[in-house]
Amino acid sequence: MNASTSTVSITSDMKPSLLDSNACFDVQRLPVYYQSTEGMFEIENRDAVVRTDNGQWLSFISDEYSLVPHKDSLSVIENAMNALGVKFEGAAYTYRGGAKFRAIYVVDESCEVLHGDHMKPVIQVAGSYDATSRERILLGGFRTVCLNLNVSGGSNWGGFSAVHRGNLEEAVSNSKEHIESMIESFPEKIKTFSRWSETEFSESDHTDVYENLTKTPGMKKHAAIIAEGWSPDSSVWDAYNVATEYATHQTRSAVTAWKVSEKINKQFFGRFNN
């Protein structure tokens, strides 16, 4: 890769808590008005979500929409993991001015994929203020050898919604049960990767995965760079890690890293998870 290209690593800047991260700004809901020749009039049943730190507008929502601050979502997850006695580090990222956020928590419980190659469970949290997506929690993996982040689409690895609507204690209790189940299931889940390490990444696999990635909107350039890193006689696990290493460490923004990772996972899990 060109040395002048600015890249991002979505597994850098890990912290023991994200409650003071850039995702945890305060917001408020304000009435919405429109200007007419007869004056200013309030739009009924609609509110604006606005950051209190800089006054930036984030979204319009209905008056029935439950506004859950990002900090509250992260508090639920951290309190649940603390209650379980789980050690973790995390990193958080915001985009669209803070209207959306994603956070990852790497749990300090290592499992061996194959000799000398270990992974740790990852709890991914995502949410928004713009009503385009609900808060969700997914299970993934963090490869400790090369610090690659592997987060599944949720269908195979498990996930749940952790939105709380005023009852923080209940949300923490419910999340604790789900997170405990996700972490306990992790050793069984990564047997997929152990199997991939013994499965040849054939020429037809190379061709089909590459072609499918290039047909995915926004992936043509990324697919070409990833395919250049694939070598003959590699395993599916090797090829997957070339792809996730690129997404995790060599893309230009955290948003791009997440999108590329999701599309890589869709292709590999769709083709090899059987």
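Me: How are the axes of helices, and the angles between them, defined here?

Reply: Axes are lines fitted to C-alpha atoms, for helices over the stretch in contact, and angles run from 0 to 180 degrees between N-to-C directions. Two packed helices are described by the angle between their axes and the distance between the axes. This is a predicted model, in which local features need pLDDT of at least 70 and side-chain atom pairs count only at pLDDT 80 or more, while totals for chains, interfaces and linings use all residues. Residues are numbered from 1 along each chain as its sequence is written, and side-chain values use heavy atoms, with hydrogens and water left out.

Me: At what angle do the axes of helix H4 and helix H7 cross?

Reply: Helices (H or I, at least four residues) and strands (E, at least two) are DSSP runs, numbered from the N terminus. The axes of helix H4 (residues 203-215) and helix H7 (residues 254-272) cross at roughly 140° and come within 10 Å. That angle makes H4 oblique to H7, given that angles under 35 degrees count as roughly parallel, over 145 as roughly antiparallel, 65 to 115 as roughly perpendicular and the rest as oblique.

Me: Which residues of H4 and H7 make the contact?

Reply: Contact means heavy atoms within 4.5 Å. On H4 the contact is made by Ser204, Asp205, Asp208, Val209, Asn212 and Leu213, and on H7 by Lys263, Ile264, Gln267, Phe268, Arg271 and Phe272.

Me: In what order do the strands of the sheet run?

Reply: Two strands pair if DSSP finds at least two bridges between them. Here three strands form an open sheet in the order E1-E2-E3, with antiparallel pairing. Strand E1 (27-36) and strand E3 (57-62) are the edge strands, each pairing on one side only, and the twist from one strand to the next averages 45°. E1 and E2, which run antiparallel, are joined by nine bridges, and the bridge partner of Ser36 in E2 is Gly39.

Me: Where is Asn45 found, and is Asn45 partly exposed or buried?

Reply: Buried means under 20% relative accessible area, exposed over 50%, and partly exposed in between (1.4 Å probe, protein chains only). Asn45 is found in strand E2 (residues 39-51) and, with a relative accessible area of 44%, is partly exposed. Its phi is near 65°, a positive value in a residue other than glycine.

Me: Where does Asp233 lie?

Reply: Asp233 lies in the loop between helix H5 (220-228) and helix H6 (236-249), and is exposed, with a relative accessible area of 78%. Although Asp233 is not a glycine, its phi is positive, at about 60°.
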